Amino acid sequence: LLNCIPLIIMQNAINNFIYLFNGKWGIYPNLGIGTPSPDGNIQKKSSDEQFVVLMKKAAQLGASILGGCCGSSFHHVELIRKNLIEN
């Protein structure tokens, strides 16, 4: 699994990863933009639309596990369900 990487970096990681690994894989991106505050709080987060676009891309490229890491919530799991599973 590719885990706890901001969306913009995750997009590049997926592109490189799929050429190096041929087994089952998945992503749990970090929704933070920039560096977290010293106490670990994420001040700025990627949009729901950016999250869904990345999830769809990962699914199209063969990811079998999709989720979220820092900055995500049940809301983001619901976005995956609504936009990828129900469609």
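## Briefing: a β-α-β-α-β-α chain

Cysteine 4 lies in strand β1, and that residue is a handy place to start. The model is predicted: local features need pLDDT of at least 70 and side-chain atom pairs count only at pLDDT 80 or more, while totals for chains, interfaces and linings use all residues. Residues are numbered from 1 along each chain as its sequence is written, and side-chain values use heavy atoms, with hydrogens and water left out.

**Overall fold**
- The protein chain holds 3 helices and 3 strands, where helices (H or I, at least four residues) and strands (E, at least two) are DSSP runs numbered from the N terminus.
- Along the sequence these elements follow the pattern β-α-β-α-β-α.
- Taken along the principal axes, the C-alpha atoms fill a box of roughly 40 × 30 × 15 Å.
- Of the contacts between residues at least 6 apart in sequence, 70% join residues at least 24 apart (contact means heavy atoms within 4.5 Å).

**Burial and core**
- Buried residues account for 29% of the 87 residues; buried means under 20% relative accessible area, exposed over 50%, and partly exposed in between, with a 1.4 Å probe and protein chains only.
- The largest nonpolar core has 16 residues, of which Met10, Ile14, Ile27 and Phe51 touch the most other members; such a core is a set of buried Ala, Val, Leu, Ile, Met, Phe, Trp, Tyr and Cys residues joined through side-chain atoms within 4.5 Å.
- At least two residues of this core come from each of β1 (2–6), α1 (7–20), α2 (48–60) and α3 (74–85), and α2 gives the most, with 5 residues.

**Two residues to look at**
- Serine 46 sits in the loop between β2 (26–30) and α2, and counts as buried because its relative accessibility is 11%.
- Beyond its neighbours within four places in sequence, serine 46 is in contact with Leu7, Leu31 and Ile33.
- Most residues other than glycine have a negative phi.
- Cysteine 4 has a positive phi of about 55° although it is not a glycine, and at 34% relative accessibility cysteine 4 counts as partly exposed.
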